[in-house]
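Q: Please take a close look at one part of this protein. I would like a connected account that starts from a single side chain and then turns to its surroundings.

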Amino acid sequence: MKDKKFCPWCGLGLTEKFTEGRMRQYCCACALPVYENPVPATSVVVVDKDDRILLVKRNIEPKTGWWCLPGGFLETGESPEQGALRELREETGICGKIDMLLGVLTNEGRFYKAILMIGFLVRNFSGTAHAGDDADQAAWFDKDRLPEIAFNSHLSLIRIYYAGYRQHMADSACSP
Ligand SMILES: [Zn+2]
């Protein structure tokens, strides 16, 4: 993660000040704290008919060479669903349809102090997976043969899918 050094409004150097309950970066000229907020990002758990999960092998920092879920930072002007499906298309060539929200989590970032990760489930899609932007490979993995996953938030979303979501579906199938 990187600290901001200059005020984004007036360009003067920042100092640190205890304000509103914690140490914050502060601009004396503007007399304002510079708040640090999590940056929103999306990711998608794409599941095929054999209950395998689509992963991409990263070719950019951070975590080059690691596998992760397709996804990326949300752009201004798009909804979380649009951002998630755009990243899916760019990274894997898959055109998907959002089934449901799987979870919203926070994760420490390399460039940002905190990332707000919005995870969706996609079960309906068209196209064949191939590596696109930011990825060397795109491949389907069985639950029992998952590689090490680059980000904790992605791993949590995969676990939410395999544990919580499927359990939830089983429970609803049993109820009258
Ligand atoms: Zn300022």
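Does Phe125 count as buried or partly exposed, and what is its relative accessibility?

A: In this predicted model, Phe125 has a relative accessibility of 28% and therefore counts as partly exposed, since the buried class ends under 20%. The model holds four aromatic pairs. One of them joins Trp67 and Phe141 edge-to-face, with 4.9 Å centre to centre and 75 degrees between the planes. Trp67 belongs to strand β6 (residues 67-68) and Phe141 to strand β10 (residues 135-141), so this contact ties together parts that are 74 residues apart in sequence. Trp67 is buried, at 12% relative accessibility, and Phe141 is buried as well, at 15%. Phe125 itself forms an aromatic pair with Trp140 that is stacked, at 5.5 Å centre to centre and 25 degrees between the planes. This pair links distant parts of the chain, as Phe125 lies in strand β9 and Trp140 in strand β10, 15 residues apart. Trp140, with a relative accessible area of 22%, is partly exposed.

Strand β9 (115-126) is also one boundary of a loop: Phe111 is placed between β8 (95-107) and β9. Phe111 has a relative accessible area of 40% and is thus partly exposed. Together with Phe73 and Tyr112, Phe111 forms a nonpolar surface patch of about 290 Å² of accessible area.

Technical notes:
Residues numbered from 1 in each chain as written. Predicted model: local features only at pLDDT ≥ 70, side-chain atom pairs only at ≥ 80, totals over all residues. Heavy atoms only, no water. Patch = residues over 30% accessible without salt bridge, like charges linked within 9 Å, V, L, I, M, F, W, Y side chains within 5 Å. Areas by Shrake-Rupley, 256 points an atom, 1.4 Å probe, with all protein chains shown as cover. Salt bridge = Lys/Arg side-chain N within 4 Å of Asp/Glu carboxyl O. Helix = DSSP H or I, 4+ residues; strand = E, 2+ residues; numbered from the N terminus. Buried < 20%, exposed > 50% of the residue type's maximum accessible area, 1.4 Å probe, protein only. Phe/Tyr/Trp six-rings, centres within 6.5 Å; stacked < 30°, edge-to-face > 60°.
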